[in-house]
Structures are given as structure tokens and as C-alpha cells.
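Please keep the sequence and the model in view while reading.

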Amino acid sequence: MLNIKKYAAIDIGSNAVRLLISNIIEQKGKPTLFRKSSLVRVPIRLGADVFLNQKISKENELRMVDTMNAFKLLMRSHKVVAYKACATSAMREAENGNDIVKLIKKQTKIKIDVIDGEEEAAIIAATDLNSYIDHTKTYLYVDVGGGSSEFSVIHQGKTAASKSFKIGTVRLLNDIVQKDVWLELEAWIKLNTKDYEKIDLLGSGGNINKIFKISGRAVGKPLTYFYLTSYYNMLQTYSYEERITELDLNQDRADVIIPATRIYLSAMKWSSAKYIYVPKIGLSDGIVKSVYFGTVSSVNLV
């Protein structure tokens, strides 16, 4: 006898806003299964507002309210029983971030938690990376976002070191990442990986997922440093418009995919990794599992 219910995660990032609805399948005497039911992505680039002007524009404030209302209706239609909404670096750094959180709560009844980089990394870790990794290996896990990127060294299935850096795709697009932040990241990676003979990367985020899909690699097979370098160099031979029309990239992916690839390649270079594995996981998946296991507070849909 199966018990099936639906949970939802709302991920308010610096490059886009996502709603993930998952089926939670409970089986007597067997592990609970998590199956993606629906994923909706809305390209509201909050980071472009915040990282340049320190606040979210009126236009994007109104779009956020409309999007949260739409998400609420979708969750109701799917009969979602509980959800959690998390906002990351753009909302965290916006001068009017708290005001917008209050406005959304008032107008849509959606409660948003603004989380820091460490909590973001912890929630992503709840995706149960152990099911994707070889416990005899060492990995550098890299999750690239629009405003920040999270890095974790995983040795024999356990996190040995973890840190969030304000290096994200939207920041890089707007040329507002200082050189000393890159140097700090380089030093951190080299320091925390130097004791391991061999390291592979684990990459998460929409851009690396897209590159992996384009590569045609079989699920579970890695991309090589050579492949990623070649793809990065190829991308730069196309204009933004050509990346949309000829490479078939969405308009909000066609610009950020280049700085995202630069972050992954830098991490591979500094850790001497030759391969990057791409398990299709991220903050939304972690939120759903955290809600189910009760490690974060959730909200019942009203």
C-alpha cells in the first residue's frame, strides 16, 4: 500500500524563481521515494537589480507578487500539503528585501524565509549526495548560483569543508566581483584539496545541467575538463543573439552560461580535477527533502 502526498519548494534566486512540486511516495518497509511532479521557472533576475542598485525595482516587485500568486494557485491545483519558500543572495542583500517579503505575505499569503549561504549549502546537502557518489572517492561539490556559489569538499561520503563565496553568474555578468574574492576562492580550494591525491567535481546548477544535457553523455557519466574547456571556448565565438538563435539557449541562459562555466573550470583547475559529475540536484530538491524530514520549518498551504 502506497501513501502519496505532495510537497513544494519555492527557490527565489538571483537569476530566476522556481517552483518544484514533488510526489512523496511512502512504502511500508522501504525507503521513501521523491519524484518530481512539476517544475516551473520564471526568469526574474533580481540580482541585476540588487547587485547594481542595492534594491529590487518596482517592476520586479510587481512580478514577484504575480509569480507568488501563480505559484499558490498551482500548488492548490496540485493539492500540495506543505511548502517552503527560500530566498537567497539577491533578496538577502536588497535594501528593500524585508519589505518585499512582508508585501508578498500580505498579498499572496506566501511566507518567504531569507536564508544565508551556510543554510543554503546545508539544505542542498539534504538532497542526499551520498546516493550519487562513490564513498571511496573525494569530491569538490560546486553549486553555482546567480549571486553566490557554494563549495564543499566531500571525502568518503562526509563533508570535510564547506564555504559560500559571493561569486555568481549575475555578479560576474555585471563585472562586480573583485579580484581578491577570486583569490580567496582559489586559496580556499587549494588549501582544502591539497591533501587528497585525486579529486572529481560534482556540479549543480541550471547551467551545468544544460551543458550536460547538450553533451549527450549518459546519466552518471562525467564531463571532462577538456570537454568543458572546449565548450567554454566555443560559446565565446557566438554573440548573445547567436547563442539564442543558433545554440537554442533561452535568453536568460544565453548570457549567464559563460560566467557559470568559468566558475566550474576554475574550480577544476585549482583542485586538479579532470572530471565533473552532474547529479541533477539543487536547492529546490533539498528544500523538499528538508520539509519531509522535518529539518526545516514548513508552511501548510492555505
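The sections below go through these topics in turn.

## Basis of the description

The model is predicted, so local features need pLDDT of at least 70 and side-chain atom pairs count only at pLDDT 80 or more, while totals for chains, interfaces and linings use all residues. Residues are numbered from 1 along each chain as its sequence is written, and side-chain values use heavy atoms, with hydrogens and water left out.

D143 lies in strand β6, residues 138-144, where strands (E, at least two residues) and helices (H or I, at least four) are DSSP runs numbered from the N terminus. The residue is buried, a term that stands for under 20% relative accessible area, with exposed meaning over 50% and partly exposed in between (1.4 Å probe, protein chains only).

Once neighbours within four places in sequence are set aside, D143 is in contact (heavy atoms within 4.5 Å) with E120, I124, S148, S149, E150, S204 and G205.

## Salt bridges

The count comes to 12 salt bridges, each a side-chain nitrogen of Lys or Arg within 4 Å of a carboxyl oxygen of Asp or Glu. One of them joins E26 and K5 at 3.8 Å, N to O. Because E26 lies in strand β2 (residues 17-27) and K5 in strand β1 (residues 2-12), this pair ties together parts that are 21 residues apart in sequence; K5 is partly exposed, at 26% relative accessibility.

E61 and K58 form another salt bridge, 3.1 Å from N to O, and these residues stand 3 apart in helix α2 (residues 58-77), about one helical turn. E61 is buried at 13% relative accessible area, whereas K58 is exposed at 53%. K111 and D113 also meet in a salt bridge, at 2.8 Å from N to O, and K84, K111 and D113 are linked in a network of such bridges.

## Nonpolar cores

A nonpolar core is a set of buried Ala, Val, Leu, Ile, Met, Phe, Trp, Tyr and Cys residues joined through side-chain atoms within 4.5 Å. The largest has 39 residues, of which L140, F151, I167 and L228 touch the most other members. Its largest share, 9 residues, comes from α11. A second, separate core of 29 residues includes I44, V65, A85 and M91.

L228, neighbours within four places in sequence again aside, is in contact with I208, I211, L223, T261, Y264, L265, M268 and I276.

## The enclosed helix α12

Among the buried residues are L283, I287, K289 and Y292. G294, which follows α12, has a positive phi near 75 degrees.

Notes: Lys, Arg positive; Asp, Glu negative; His and termini not counted.
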